[in-house]
Amino acid sequence: RFIDDNNKTVIHIDFAVNEKRKQKLTSLMSKIGRIINEQSMESPINSDDDDDVDGAREELVALRNQVKEYKTIIDALNENNEYLQTENLELKVKQQQVQQQHNDAIISECESALTPVAEVDSLFRSINQKAHAHNKIPPHLMHIFSRVDRSLFVPEKEKLNCNKYDRPISLNYGVSLSAPHIHIHALKQFEYLLKLVSSSKQTKVRFLDVGCGTGYFCSLVAVALLFNDIQKKAIFRCFGCVYNVNLLEQALLARRVLSLAPFVRYKHASTDMNSIGWQEYAPFDGIYCGAAIRKADIVLLREQLEIGGRLMCVEEHATESKQTMKLIRRCRRTNDQNRDVDFIETALFDVSFRTL
């Protein structure tokens, strides 16, 4: 499809190469003019002049033929360009249609795998009944919680009772799955992502879960984005950093059961905290860390936020038993150069998290 452009370039080069030839012809044309003047003044014309005239005429005829040839080529290329542009537009439309059909098939497969689980629905409704008015789960989020079975993300011995109580569950290896009420608070804080994915203005949404264990909350956000992508045109991805290879295996298994592979990506994260997060896919519209991290880690993570994005995390305190969940929003600077307002920090609620 770029052959035409190249050919055009070649033609332009041909014209440039012939510039010297045209200059010579211009000089000969001037000589012809002088000869004609001499003829009109009945000046004698020697044989050399006759040769120059004949040569000039031949050169002019050759140039005119060359120009006609170029014009024919250019007209053909212009016509071909119009044809190719039309063909290319039709091809793009077909590709978009095929891609949309492919996306619809993937989404349909995911949604069919994400049917409500009665026991999970019962658990979250029970929590909702006991919650204060401002902590109630809105119906559209209840719709999400009931479709992600917590039993997929816990050890075998915990599967029987994991959907019966609002309590944290050990995943072994010094890692726990937070209690359901923590995930309720967290998903409500990232509810703005659902508005982004349903908006026609935002086509790409990225979420990162650092220290995601077996991937429960990462999957929860992916399901929420999936069911809120009303137009089915958004491109959203949820990324999870797992620090234990055994937990990663279970996360991948749960992803397969829920048919979330197109929307969720995991990596076995390095214990080198200088590389905390997932720089390759930054910036993110939202970042969650379900474990206590150092102040330096928070600084590294918040730099991976998109403008308007939020980081929800807990800062580790070596000397304090009390921990506070924080929400950090990345904002644009104001005109006040003496005040840095890139990040606005808000304390949410007290928690007791293990260190990442």
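## Basis and overall fold

In this predicted model, local features require pLDDT of at least 70 and side-chain atom pairs count only at pLDDT 80 or more, whereas totals for chains, interfaces and linings use all residues. Residues are numbered from 1 along each chain as its sequence is written, and side-chain values rest on heavy atoms, with hydrogens and water left out.

The protein chain holds 10 helices and 9 strands, taken as DSSP runs (H or I of at least four residues for helices, E of at least two for strands) and numbered from the N terminus. Of its 356 residues, 39% count as buried, where buried means under 20% relative accessible area, calculated with a 1.4 Å probe on protein chains only. Among contacts (heavy atoms within 4.5 Å) between residues at least 6 apart in sequence, 67% join residues at least 24 apart.

## Nonpolar cores

A nonpolar core is a set of buried Ala, Val, Leu, Ile, Met, Phe, Trp, Tyr and Cys residues joined through side-chain atoms within 4.5 Å. The largest such core has 61 residues, and those with the most contacts inside it are F124, F145, F217, L225 and Y288. Helix α8 contributes the largest share of this core, 10 residues. Apart from it lies another core, of 18 residues, which includes L208, C289, L301 and F343.

Leaving out residues up to four places away in sequence, F145 touches V120, F124, I137, H183, I184, L187, Y216 and L220.

## The largest pocket

On a 1 Å grid over the protein atoms alone, a pocket is an open set of points where a 1.4 Å probe fits, with protein on both sides within 12 Å along at least five of seven lines, and lining residues have an atom within 4 Å of a point; grid points are joined across faces, edges and corners, and the volume is the space filled by probe spheres set on them.

Of the 33 residues that line this pocket, V175, S176, G211, G290 and A291 are the closest to its centre. At least two lining residues come from each of β2 (175-177), α6 (180-189), α8 (216-228) and β6 (284-293). By residue class the lining divides into 17 nonpolar, 14 polar and 2 charged, with Ala, Val, Leu, Ile, Met, Phe, Trp, Tyr, Cys and Pro counted as nonpolar, Asp, Glu, Lys and Arg as charged, and the others, Gly among them, as polar.

Most residues other than glycine have a negative phi, and most peptide bonds are trans. Y173, in the loop between β1 (169-172) and β2, has a positive phi of about 60°. S259 has a positive phi near 55° and lies in the loop between α9 (245-257) and β5; this residue is buried, with a relative accessible area of 16%, and touches E109, C110 and A113 when residues up to four places away in sequence are not counted. The peptide bond from A282 to P283 is cis, with omega near 5°, and P283 lies in the loop between β5 (264-268) and β6.

D121 belongs to helix α4 (residues 118-130) and, leaving aside neighbours within four places in sequence, is in contact with M142 and S146. The C-alpha atoms of D121 and V148, 27 residues apart along the chain, are separated by 9.4 Å.

Notes
Buried < 20%, exposed > 50% of the residue type's maximum accessible area, 1.4 Å probe, protein only.
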